[in-house]
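Dear colleague,

Please find the structure below, followed by some notes on how its chains are arranged and how they meet.

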There are 2 protein chains.
Amino acid sequence: MSDRPDPGPGTQPPDFDAAFRDKLRDLLLWRRDVRRFLGTPLPDGLLEGLLAQAALAPSVGNSQPWRFVVVEDAARRKAVRDDFEQANQDALAGYSGERAQTYAGLKLAGLDKAPVQLAVFADRATERGHGLGQNTMPEMLPYSVVAAVNTLWLAARAAGVGVGWVSILHPGRVSQILDVPKDWHLVAYLCLGLPEEEHLEPELVRAGWQDRADVSEFILRR
Amino acid sequence: MSDRPDPGPGTQPPDFDAAFRDKLRDLLLWRRDVRRFLGTPLPDGLLEGLLAQAALAPSVGNSQPWRFVVVEDAARRKAVRDDFEQANQDALAGYSGERAQTYAGLKLAGLDKAPVQLAVFADRATERGHGLGQNTMPEMLPYSVVAAVNTLWLAARAAGVGVGWVSILHPGRVSQILDVPKDWHLVAYLCLGLPEEEHLEPELVRAGWQDRADVSEFILRR
């Protein structure tokens, strides 16, 4: 994280040289979905610095629809964790045989130890952006919030902070627990903290759940 | 872009030092939605390198649902552009007075000159990931594709390539034009190419459409 002021308008763009591009690729390679955290708190101000970087993400019509809720209250945290446990049991019931056994052995959330829990919402009622770009694709509002989450994730990893995205939750229930405005739509519930371990391979690859495919399988020409 | 092989498993993670973190923040600051392109083609292999980096994005259950369609055919490109023109006329009709005048003056797509057009879909029928994390939030599949788009965007900017996201399109119509499998859901239609100009301020800020707010307005504690 940097405390340098933003360069002023008219400034020449920096040179993103080969050394930087290599390290950016390393960052992408080493970004993991982290579910195992040291319980130690993050240094003061670090989270706020990461959120400031997240807010540099692209958003449809510059609508900046991201709303960040730092979840600190123990009772609310417990209610979210209870919802996760319920949703996770329901999900397990959908698998059978070996797949169910593997699923049951996965650790799918860091809600037990992550020092920071962050719920990220899309404000569907925002007037910022004046609706531009949303007419035929109203989903651009939550998509903009996903871009902020991904940006936060990369900035966090660069600062040595692990992020895990918990999607085994009922979004409506989480909104209720956190008592947010009715037009806020839950996009992501994140755990943040120092990771127990660093890995190059995703946990789901290491656990035998799902391998990586080569990108060439995903490219078509038309 | 780097042609270095991936570091092997067990390798120690790189040190993302203060100089790198400062430059990463510069990258976030200088990433723009670009609609004004030089028409020159990208160097051979550059796009494929960017797509390989996009595929390092997080995805729910490691489902890797991103499907990249490089749109090259002139008739298909024209059909997409026609759809944009129609959707843009419809959108303009929703504004009045000064706001309508400002809207009419905006350049909202680089479909005229961008050398690369890339449609990015979510494969809703993929079996990769075995449904993990999608039970209560099926939108995690398109969200994963947005993470890949955002990752592509940053890798492109680092390589000097501008990206613009065109959302003023009818997704169903674009899927039809591109003749993709029925379970593919359009997430993003992107223009890529060398930008005419570099800017620190978003085009919509410069055009007086929508200013940036301070991130502190978007943070709550619960």
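Residues are numbered from 1 along each chain as its sequence is written, while chains are lettered from A and ligands numbered from 1 in the order in which they are written. As the model is predicted, local features need pLDDT of at least 70 and side-chain atom pairs count only at pLDDT 80 or more, whereas totals for chains, interfaces and linings use all residues.

In the interface, 88 residues of chain B are in contact with 88 residues of chain A, contact meaning that the C-beta atoms, placed from the backbone, lie within 7 Å. The largest share of the side of chain B that touches chain A, eleven residues, comes from H1(B) (helices, H or I of at least four residues, and strands, E of at least two, are DSSP runs numbered from the N terminus). By class, that side of chain B has 51 nonpolar, 17 polar and 20 charged residues, where Ala, Val, Leu, Ile, Met, Phe, Trp, Tyr, Cys and Pro count as nonpolar, Asp, Glu, Lys and Arg as charged, and the others, Gly among them, as polar.

Helix H5 (residues 140-158) of chain A packs with H1(B) at an angle of about 165°, their axes 10 Å apart (axes are lines fitted to C-alpha atoms, for helices over the stretch in contact, and angles run from 0 to 180 degrees between N-to-C directions). The contact is made by Thr151(A), Ala155(A) and Ala158(A) of H5(A) and by Phe20(B), Arg21(B), Leu24(B) and Leu28(B) of H1(B).

A sheet also crosses between the chains: five strands form an open, mixed sheet in the order E5(A)-E1(B)-E2(B)-E4(B)-E3(B), with strands pairing if DSSP finds at least two bridges between them. E5 of chain A and strand E3 (162-166) of chain B stand at the edges, each with a single partner strand, so one side of each is left without a neighbour in the sheet. Strand E5 (residues 219-221) of chain A pairs with E1(B) in the parallel sense over three bridges, and there Ile219(A) has Phe68(B) as its bridge partner.

With best wishes

Key
Contact = placed C-beta atoms within 7 Å.
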